[in-house]
Amino acid sequence: MTYPDPAQLPPVSVRGGTPQESAGGRAVRTVLWVVLVVSVVGNTVASYAGAGTWVHLVAGVVTAACATVLAVRRLRSGR
């Protein structure tokens, strides 16, 4: 098995985030996390309140979409 030459590896940022990540990318990630948390909390409150099935479905779809987008962005960034 061959190992890559450490001198040829791309630079790594120790401050979190990739070197090419812009402020806009961080803002999108923050908004996705906020929407994810709000949808999970909304689904939990709907469970205790006895809300209809459609409320759970909407919250579940939003949660799944946010989690998927966050995971894809993370995998594409190479971190």
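**Before you start.** You are looking at a predicted model, in which local features need pLDDT of at least 70 and side-chain atom pairs count only at pLDDT 80 or more, while totals for chains, interfaces and linings use all residues. Residues are numbered from 1 along each chain as its sequence is written, and side-chain values use heavy atoms, with hydrogens and water left out.

**Stop 1: the whole protein.** Show everything as a cartoon. You will find two helices and zero strands; helices (H or I, at least four residues) and strands (E, at least two) are DSSP runs, numbered from the N terminus. Of the 79 residues, 15% are buried, where buried means under 20% relative accessible area, exposed over 50%, and partly exposed in between (1.4 Å probe, protein chains only). The accessible surface is about 6,300 Å², and carbon and sulfur atoms hold 68% of that; such areas come from the Shrake-Rupley method with a 1.4 Å probe, and for residues only the protein chains shown count as cover.

**Stop 2: helix 1.** Select residues 23-49. Helix 1 has 27 residues and reaches 38 Å from its first C-alpha to its last, close to the 39 Å expected at 1.5 Å a residue; the expected span is 1.5 Å times one less than the number of residues. Now colour Gly-25, Leu-32, Leu-36, Ser-39 and Ala-46, which are buried. The buried residues of helix 1 pack against helix 2. Just after helix 1, click on Gly-50, which takes a positive phi of about 70 degrees.

**Stop 3: helix 2.** Select residues 53-77. The 25 residues of helix 2 should span 36 Å at 1.5 Å a residue, and its end C-alpha atoms are 36 Å apart, so the two agree. Its buried residues are Ala-59, Thr-63, Cys-66 and Leu-70, and helix 1 is included in what covers them. After helix 2 comes Gly-78, with a positive phi near 80 degrees.

Stop 4: Leaving aside neighbours within four places in sequence, Ser-39 is in contact (heavy atoms within 4.5 Å) with Ala-59, Val-62 and Thr-63.

Move over to Thr-63, in helix 2. A polar atom of the Thr-63 side chain lies 2.8 Å from the backbone oxygen of Ala-59. With neighbours within four places again set aside, Thr-63 is in contact with Leu-36, Ser-39 and Val-40.

**Stop 5: Val-69 and Leu-32.** Select this pair and draw a C-alpha to C-alpha distance. Val-69 and Leu-32 are 37 residues apart in sequence and 8.1 Å apart in space. Val-69 lies in helix 2 and counts as partly exposed because its relative accessible area is 37%.

**Stop 6: a patch on the surface.** Finish by showing the surface and selecting Val-31, Val-35, Trp-54, Val-58 and Val-62. Together they form a nonpolar patch with about 450 Å² of accessible area.

Notes. A polar contact is a pair of N or O atoms within 3.5 Å; within protein, one must be able to donate a hydrogen and the other to accept it, and residues adjacent in sequence count only if both atoms are side-chain atoms. Patches are made of residues with over 30% relative accessible area and no salt bridge: like charges are joined within 9 Å, nonpolar side chains (Val, Leu, Ile, Met, Phe, Trp, Tyr) within 5 Å. A salt bridge is a side-chain nitrogen of Lys or Arg within 4 Å of a carboxyl oxygen of Asp or Glu.
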